[in-house]
Amino acid sequence: MAMEPVTEARKDAQRVGRGDVESVRDMILAFSRMDQRRGGGHGRTALVEYLRSDVAGYLVGTFPNDRVRRDMHAAAAEGSYLSGWMAFDNGEHGIAERYFSLGLKLAARAGDAPLSGHILRAMAHQALDLGFSDDALELSTASMHGRRYQSATPRERALLGVVHARSLAATGKNQAASKALLRAEDDLRQAHDGIEEPARIFFFAEASLAHETACALRDMGDRTGAVRQFRRSVKTRGASFKRTHAVTLGYLGATQISAGNVEEACATWSTALDAIEEGVYSGRARQRVVEMRGFLSPYRSRGVPAAAELGARATDYLRNVD
């Protein structure tokens with residue numbers, strides 16, 4: 001993957017400098033912030049067009065030195081990863097896999113081990129959502145290997161670690177998962193403003209750690225702990241992360257109703273729908289609504305008013321987005 005493709009030198013090749021690298025990074029960050037607000041179903045086509053035109057042209061240009069070449073490949077890798085993540089979030093899993101794989105190749109050519117770990121972590125996350133727990137564990141273990149984890153900043157190490165913990169929990173390795181969760185907490189505590197973090201990790205803070213921790217605890221059978229961590233995530237997440245906020249509320253409602261707290265779950269899901277209906281375009285958020293309707297079905301048939309009202313609202317939403 002790290003080997004450069006053999007190509008003929010072009011006489012008309014574009015000269016690519018440090019400013020071009022910064023421009024690509026700025027554009028990718030703008031798309032990433034939009035993804036956090038609106039979900040992967042909004043803007044990915046524009047990102048792909050930018051990658052295929054501007055960024056692809058930069059990659060076949062000439063560079064003043066190897067550092068600029070590596071940085072441009074890393075910026076392109078982040079763009080490819082983001083396109084994969086947005087496709088994953090929108091339920092386009094085949095497309096996501098292709099862009100994740102391309103991102104890994106570009107990260108390898110950049111010699112950027114933490115970025116490779118970041119992408120492998122995303123692939124593990126996708127595998128978890130699809131129910132391929134063994135694959136998720138293999139991918140998350142690879143994301144933690146060697147320099148991918150060791151050279152990463154504390155905030156990124158925490159992200160790699162908590163997804164690894166989720167993969168361990170999903171495969172029944174509860175003791176190892178508990179240790180991994182504690183390690184991820186320790187890593188995040190070491191993050192501070194004096195450390196220069198890669199822009200790709202801007203979204204990961206207390207709320208994100210709590211969300212992933214809650215998912216791990218849920219899979220370990222600790223519903224009480226999972227509800228506590230989901231609530232912590234909801235309480236601490238900023239307003240600019242609306243997509244993940246909606247997903248967290250969806251998971252919280254499902255955990256509450258699984259414990260028999262129907263009214264509480266309905267209140268949580270109502271808040272989730274409020275967030276989703278405010279311009280969130282996300283397959284993961286939509287799937288939470290599908291699950292919501294399934295959970296509510298037996299309570300609707302029993303004539304529970306809150307369940308009937310929310311179930312009808314969920315049906316209307318799904319009818320409009322299908």
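Trainee: Let's start with the pocket; what volume does the largest one have?
Mentor: In this predicted model, the largest pocket has a volume of about 870 Å³.

Trainee: And which residues lie nearest its centre?
Mentor: The lining of the largest pocket is made up of 43 residues, and those nearest the centre are E78, E156, P198, A199 and R200. The elements that give two or more residues to this lining are α1 (18–38), α3 (66–89), α5 (113–130), α8 (154–170) and α10 (206–219).

Trainee: How many of the lining residues are charged?
Mentor: There are 16 charged residues in the lining of the largest pocket, alongside 18 nonpolar and nine polar ones.

Trainee: Switching to the nonpolar cores, which residues touch the most other members in the largest one?
Mentor: The largest nonpolar core holds 54 residues, and the ones that touch the most other members are F204, W269, V289, M292 and L296. If we leave aside neighbours within four places in sequence, L296 is in contact with I257, C266, W269, A307, L310 and G311. Another core, of 35 residues, lies apart from the largest one, and its members include M34, L47, A75 and L120.

Trainee: Now salt bridges; how many are there in the whole structure?
Mentor: A search of the whole structure finds 24 salt bridges. One of them joins R25 to E22, with the closest N and O atoms 3.0 Å apart. Both residues lie in helix α1, three residues apart, which is about one turn of the helix.

Trainee: What about R231, which residue does it pair with?
Mentor: R231 forms a salt bridge with E264, and their closest N and O atoms are 2.3 Å apart. Because R231 lies in helix α11 (residues 223–236) and E264 in helix α13 (residues 262–276), the pair ties together parts that are 33 residues apart in sequence.

Trainee: And K242, where does its partner lie?
Mentor: K242 forms a salt bridge with E278, the closest N and O atoms being 3.3 Å apart. K242 is in helix α12 (residues 242–258), while E278 is in the loop between α13 and α14 (283–301), so this pair ties together parts that are 36 residues apart in sequence.

Trainee: Is K242 buried or exposed?
Mentor: K242 is buried, because its relative accessible area is 19% and buried means under 20%.

Terms used
Residues are numbered from 1 along each chain as its sequence is written. This is a predicted model: local features need pLDDT of at least 70, side-chain atom pairs count only at pLDDT 80 or more; totals for chains, interfaces and linings use all residues. Side-chain values use heavy atoms; hydrogens and water are left out. On a 1 Å grid over the protein atoms alone, a cavity is a set of points where a 1.4 Å probe fits but cannot get out, and a pocket is an open set with protein on both sides within 12 Å along at least five of seven lines; lining residues have an atom within 4 Å of a point. Grid points are joined across faces, edges and corners, and a volume is the space filled by probe spheres set on the points. Helices (H or I, at least four residues) and strands (E, at least two) are DSSP runs, numbered from the N terminus. Ala, Val, Leu, Ile, Met, Phe, Trp, Tyr, Cys and Pro count as nonpolar, Asp, Glu, Lys and Arg as charged, and the others, Gly among them, as polar. A nonpolar core is a set of buried Ala, Val, Leu, Ile, Met, Phe, Trp, Tyr and Cys residues joined through side-chain atoms within 4.5 Å. Buried means under 20% relative accessible area, exposed over 50%, partly exposed in between (1.4 Å probe, protein chains only). Contact means heavy atoms within 4.5 Å. A salt bridge is a side-chain nitrogen of Lys or Arg within 4 Å of a carboxyl oxygen of Asp or Glu.
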